[in-house]
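Okay, thanks for having me. I'll walk you through one chain today, so please have a look at the sequence and the model first.

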Amino acid sequence: MPAADPQTTTSGAAILRFLRVTLHLSFAVLLLVAILRLHLAAGAVGAAAGQRLAWSLLALALAAAYLAGTIL
């Protein structure tokens, strides 16, 4: 008897969805920590405030698109 496909069983699909969402949220938290470290670093060498802001906005936009893909 072949094993049941986890994509088709209710409990298997729920577990896979939970793992996918957890992975994506973990990535978002790590990205947030990196952005905070970028802004809170005292005397960051080589990056002007405008450049840090631009990179942060880009990172936040990419994170939002990534999380939107998780939900949809």
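**Two helices and what sits between them**

So, the overall picture: this chain has 2 helices and 0 strands. Helices here are DSSP runs of H or I with at least four residues, strands are runs of E with at least two, and both are numbered from the N terminus. Before I go on, this is a predicted model: local features need pLDDT of at least 70, side-chain atom pairs count only at pLDDT 80 or more, and totals for chains, interfaces and linings use all residues. Residues are numbered from 1 along each chain as its sequence is written, and side-chain values use heavy atoms, with hydrogens and water left out.

How much of the chain is buried? Of the 72 residues, 14% are, where buried means under 20% relative accessible area, exposed means over 50%, and partly exposed is in between, with a 1.4 Å probe and protein chains only. The chain exposes about 5,700 Å², and carbon and sulfur atoms supply 76% of that. Those areas come from Shrake-Rupley with a 1.4 Å probe, and for residues only the protein chains shown count as cover.

Now helix α1, residues 10-40. It has 31 residues and reaches 45 Å from its first C-alpha to its last, close to the 45 Å expected at 1.5 Å a residue; the expected span is 1.5 Å times one less than the number of residues.

Which residues of α1 are buried? Those are G12, H24, A28, L31 and I35, and they pack against α2, residues 49-71.

Let's take H24 in α1. At 13% relative accessibility, H24 counts as buried. Not counting residues up to four places away in sequence, H24 touches Y66, L67 and T70, contact meaning heavy atoms within 4.5 Å.

Over on the α2 side we find T70, buried at 5% relative accessibility. Leaving aside neighbours within four places in sequence, T70 is in contact with R20, V21 and H24. T70 and L25 are 45 residues apart in sequence, yet 8.9 Å apart in space, C-alpha to C-alpha.

Back on α1, there's also L36, which is partly exposed at 44% relative accessible area. L36 and S56 are 20 residues apart in sequence and 9.2 Å apart in space, again C-alpha to C-alpha.

Last stop, the surface. L16, also in α1, is partly exposed, with a relative accessible area of 35%. Together, I15, L16, F18 and L19 make a nonpolar surface patch of about 400 Å².

Notes
Patch = residues over 30% accessible without salt bridge, like charges linked within 9 Å, V, L, I, M, F, W, Y side chains within 5 Å. Salt bridge = Lys/Arg side-chain N within 4 Å of Asp/Glu carboxyl O.
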